[in-house]
Amino acid sequence: MSVVKVREVCDGYAIDIKTSEESAEVISLFFNSQRNAETVKRVLEADEKEQTVDVAEVVHAYWEETTHITESKRGRTIHSKLYNCSNCGAPNGRKKSSYCHWCGARMDGERRKNEK
Ligand SMILES: [Zn+2]
């Protein structure tokens with residue numbers, strides 16, 4: 001996405017954004033103040049710069065295992081293992097997927113050995 005320009009419209013300001021380099025499609029966001037429009041434009045431009053710089057960078061992380069102990073209605077102790085992303089901390093329930101759905105980190109990073 002690339003910001004084309006900020007322009008004045010009848011009751012506010014608009015940012016025109018090209019959705020891709022190949023297509024001529026332009027979407028417009030409307031704002032009630034020029035300041036808001038300029039702020040969003042800056043954010044979008046900064047975001048784009050970051051994306052092109054970091055495009056080859058892969059975040060490596062691992063699933064942090066935590067054991068939750070709960071008790072069933074009959075008084076049995078239930079141990080359940082839950083996994084959290086070591087990069088963003090997002091919970092992934094009981095599954096260890098190959099990457100984090102939240103931050104996109106690859107789960108091939110280092111894992112501490114002190115776990116059971
Ligand atoms: Zn994550």
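Which residues make up the largest nonpolar core?

Reply: The largest nonpolar core has five residues: Ala61, Tyr62, Cys85, Cys100 and Ala105. A nonpolar core is a set of buried Ala, Val, Leu, Ile, Met, Phe, Trp, Tyr and Cys residues, joined through C-beta atoms within 7 Å. Buried means 20 or more other C-beta atoms within 10 Å of the residue's own; exposed means 12 or fewer, and partly exposed is in between, with C-beta atoms placed from the backbone. In soluble globular proteins, nonpolar side chains tend to be buried together.

This is a predicted model, in which local features need pLDDT of at least 70 and side-chain atom pairs count only at pLDDT 80 or more, while totals for chains, interfaces and linings use all residues. Numbering starts from 1 along each chain, as its sequence is written.

Start with one core member, Cys100. Its contacts, leaving aside neighbours within four places in sequence, are Ala61, Cys85, Asn87, Cys88, Ala90, Ala105 and Met107. Contact means that two C-beta atoms, placed from the backbone, lie within 7 Å. Three of the names in that list, Ala61, Cys85 and Ala105, belong to the core as well. Across the chain, 9% of the 116 residues are buried. Of the contacts with a separation of 6 or more, 30% join residues 24 or more positions apart.

The chain has one helix and five strands. Both are DSSP runs numbered from the N terminus: helices are H or I with at least four residues, strands E with at least two. The pattern along the sequence is β-β-β-α-β-β.

Take E4 and E5 next. Strand E4 spans residues 63–71 and runs antiparallel to E5, joined by nine bridges. Two strands count as paired if DSSP finds at least two bridges between them. Glu64 stands opposite Asn84 of E5. Further along, Thr67 has Lys81 as its bridge partner in E5. The two strands form a hairpin with five residues between them, and Gly75 in that turn has a positive phi of about 85°.

E4 lies largely in the open, because the number buried among its nine residues is zero. Glu71 is one of the residues in E4. Glu71 is exposed because it has 9 C-beta neighbours inside 10 Å. Beyond four places in sequence, Glu71 contacts Arg76, Thr77 and Ile78.

Past strand E5 (77–85) comes the segment that holds Lys95. Lys95 also counts as exposed, since 9 other C-beta atoms lie within 10 Å.

Three strands take the order E1-E2-E3, with antiparallel pairing. The edges are E1 (2–9) and E3 (26–31), each pairing on one side only. Neighbouring strands are turned by 25° against each other on average, direction ignored. Axes are lines fitted to C-alpha atoms, for helices over the stretch in contact, and angles run from 0 to 180 degrees between N-to-C directions.

E1 and E2 run antiparallel over seven bridges. A hairpin of two residues links them. Val6 faces Ile15 in E2. None of the eight residues of E1 is buried, and the strand is hardly covered. E2 (residues 12–18) pairs with E3 through six bridges, also antiparallel. Ile17 stands opposite Ile27 there.

Last, confidence. The mean pLDDT of the chain is 84, and 86% of residues score at least 70. pLDDT is the predictor's confidence in each residue, from 0 to 100. Where pLDDT is low, the predicted coordinates should not be read in detail.
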